[in-house]
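Here's a quick briefing to read with the structure open beside you.

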Amino acid sequence: MREPTNLIPSSIDESLLLRVFEMMELGGIGSIASALGYLRDAGIDPVASETQPVLVEILFQMLECLEQNLDDSALFAVVAALDPLVAGVASDMLVMANFPDGNIHLSDLGDGSIMLLAALYAGAGKLSEAIDVLRRSRFERAGELFQNAALKRMFLLQKEDDGVIQLLFEQTLDGLDHPEVWNILPAIVEKFPTLISEIAKLLDNELKFYTEFWSVIHALCVAAEGDLERGLALLNPIATAHSQSTMVQGAYFHIKGLLNPQNPAFDLTSRFCSLPFDELDVLDGKSHLCCASWLPQSVGDLAEQPWQDVWNSDTAQSIRASILDGSFRFCNKTACPKIADNKLPRRDQLVASSGRWRDVIENFRTRLANAPERVNLAYDQTCNLSCPSCRTGKVAADAATRARFDKLQDEQILPLLRQVKLAFITGSGDPFASKNFRNLLDRLGPEEYPDLRFQVMTNGMLFTPREWDRFPTLHGRTAFLRISLDAATGPTHELLRRGARWPVMERNLAFAAELRSEGLIDRLEISFTVQVDNFAEMGGAVDLARHYCADNISFTRLTNWGTFTAEQYAQKAVFMPDHPQHREFIQRMRDPRLRDPISSLLDLSQYAPAA
Ligand code: SF4
């Protein structure tokens with residue numbers, strides 16, 4: 001804006017206006033309010049041409065207030081109380097001061113000017129222009145403070161519940177988590193006291209999806225009004241039924257955070273996760289930057305695009321941006337073990353300790369020049385077993401599918417792995433049951449891939465001395481051997497591992513222990529997926545892991561991969577508070593063996609007794 005002129009036309013009472021200028025010398029919202037009140041009481045028209053220097057000064061002071069605080073609610077209250085005519089003239093003055101030709105370029109305005117212009121437009125009765133200014137500016141500028149302040153204004157400028165409901169729908173219907181919206185709900189429900197009952201009416205919507213959507217918003221609004229326990233109780237059954245929904249689990253995490261305000265695990269704004277910057281998980285038809293059950297958004301398909309394009313696709317960059325802005329909006333916050341177990345590092349620690357992360361974090365880098373360090377090969381679901389938690393029947397790739405995977409391996413995977421440090425085979429089936437993975441392993445010898453190491457994940461049934469000898473590629477290059485074992489006894493193992501035999505498992509575990517003791521594999525790890533059928537064996541599984549020299553045993557919640565109906569999953573999800581055996585589960589979580597240093601409780605850690 002141009003400097004204000006202090007030249008007061010001689011046709012008005014100069015002393016009155018000089019008095020107003022004096023009042024404003026103190027600065028701040030108090031002096032602005034006093035000046036406006038003085039003009040009003042003195043009967044001076046603020047938009048008369050003689051008074052406009054005062055109005056210019058007021059605008060300056062407002063901008064100064066917004067420089068200190070973009071979300072200055074006292075200032076917005078003063079603007080909202082302006083006469084619409086005054087607000088209209090002030091908005092014109094603000095525009096003309098910046099753009100004498102009258103053509104507004106929002107990108108050339110400062111954050112405070114945008115906020116003020118929108119508030120003045122709204123004050124002048126031009127609500128749609130006000131919202132448009134905020135919406136377009138949010139699209140153009142990344143600053144977190146501006147983003148949050150502009151979003152809050154968009155809601156608070158609304159006149160009716162209907163406008164708020166429409167905005168809530170627009171801002172959150174993408175199915176992602178929106179902590180920036182959940183955080184401003186208290187201000188929204190305070191300004192719109194009938195909003196909760198209006199949203200409750202939407203729960204009868206005949207379209208089931210929207211009913212669930214509005215149920216989540218309803219629970220969040222109830223919590224935002226102050227009734228946290230009721231908000232959580234409303235959300236509990238939805239969270240059980242939608243264990244894979246990023247939005248539902250994010251809402252659950254948000255309310256749990258409100259209930260535990262001192263617990264730093266619920267504040268992710270200063271945390272960082274390196275996975276989307278280091279890892280590519282290649283599934284059949286889609287790829288992810290993390291485990292697909294924790295971060296379900298696909299970033300592209302390696303069968304359709306070069307891996308470089310997938311690695312830096314628009315979605316990949318949005319996911320990285322969500323880590324950098326602290327929203328983690330693509331992450332399933334209750335399923336992710338790093339979030340649930342409070343294991344995410346702080347950003348400032350990473351900046352201090354590593355040049356690479358300093359560059360990424362300080363420059364908000366979402367497009368990466370480097371290839372992924374780790375690639376999870378998870379496109380072939382072929383497996384020798386058909387565990388009920390994973391699939392409804394046995395899966396074996398047919399000839400056409402195998403040919404497709406061969407092409408993918410030849411054209412994309414083999415060249416990509418030349419730049420990769422760790423190949424994870426496999427989270428999708430069993431590596432020793434898959435012809436494609438067996439062929440691939442044969443081609444990844446140390447001569448051509450000297451820097452490549454392996455993480456092998458298997459159900460263990462085929463992990464025999466004979467198979468180990470068959471794959472010299474793995475010898476001395478296996479950083480992790482991970483065996484999934486959801487039981488500590490034969491009957492439970494054979495129930496949950498359909499097609500498995502316990503004596504074979506015991507034999508193969510003993511062989512894995514031998515390899516570990518002889519240093520032929522770097523680490524032996526066991527993963528245990530907890531559900532109603534096996535939670536009583538968690539302690540026994542730690543004993544078993546010790547017995548077989550495992551370096552770690554990790555416990556995670558059962559995931560619904562689509563193999564269960566919502567009711568079936570609820571029946572198995574013993575870790576959910578509504579489950580009839582939840583108290584017994586909590587009792588089992590007190591087992592001292594679960595506090596063994598080799599035991600990791602990951603996304604179940606919240607149920608462990610405090611240390
Ligand atoms: S889901 Fe968890 S591990 Fe995955 S990117 Fe998000 S924070 Fe990281």
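Predicted model: local features only at pLDDT ≥ 70, side-chain atom pairs only at ≥ 80, totals over all residues.

Residues are numbered from 1 along each chain as its sequence is written.

**Leu116**
- You'll find Leu116 in helix α6 (residues 111-123); helices here are DSSP runs of H or I, at least four residues, strands are runs of E, at least two, and both are numbered from the N terminus.
- Leu116 counts as buried because 25 other C-beta atoms lie within 10 Å (the cut-off is 20 or more, with C-beta atoms placed from the backbone).
- Leaving out residues up to four places away in sequence, Leu116 touches Met62, Leu63, Leu66 and Leu94 (contact is C-beta atoms, placed from the backbone, within 7 Å).

**Ligand shell**
- Residues around the ligand include Cys273, Trp294, Phe328 and Lys338 (C-beta atom, placed from the backbone, within 6 Å of the ligand).
- Both α15 (275-278) and α18 (337-340) supply at least two shell residues each.
- By class, the shell has ten nonpolar, no polar and one charged residues (Ala, Val, Leu, Ile, Met, Phe, Trp, Tyr, Cys and Pro are nonpolar, Asp, Glu, Lys and Arg charged, the others polar).

**Helix α26**
- Met538, Ala541, Val542, Leu544 and Ala545 are buried in α26 (residues 538-547).
- Down the axis of α26, those buried residues fall within an arc of 160 degrees, so they line one face of the helix (the arc uses directions from the helix axis to the C-beta atoms).
- Among what covers them are β7 (524-530) and α28 (582-589).

Note on methods
Buried ≥ 20, exposed ≤ 12 C-beta atoms within 10 Å, placed from the backbone. Contact = placed C-beta atoms within 7 Å.
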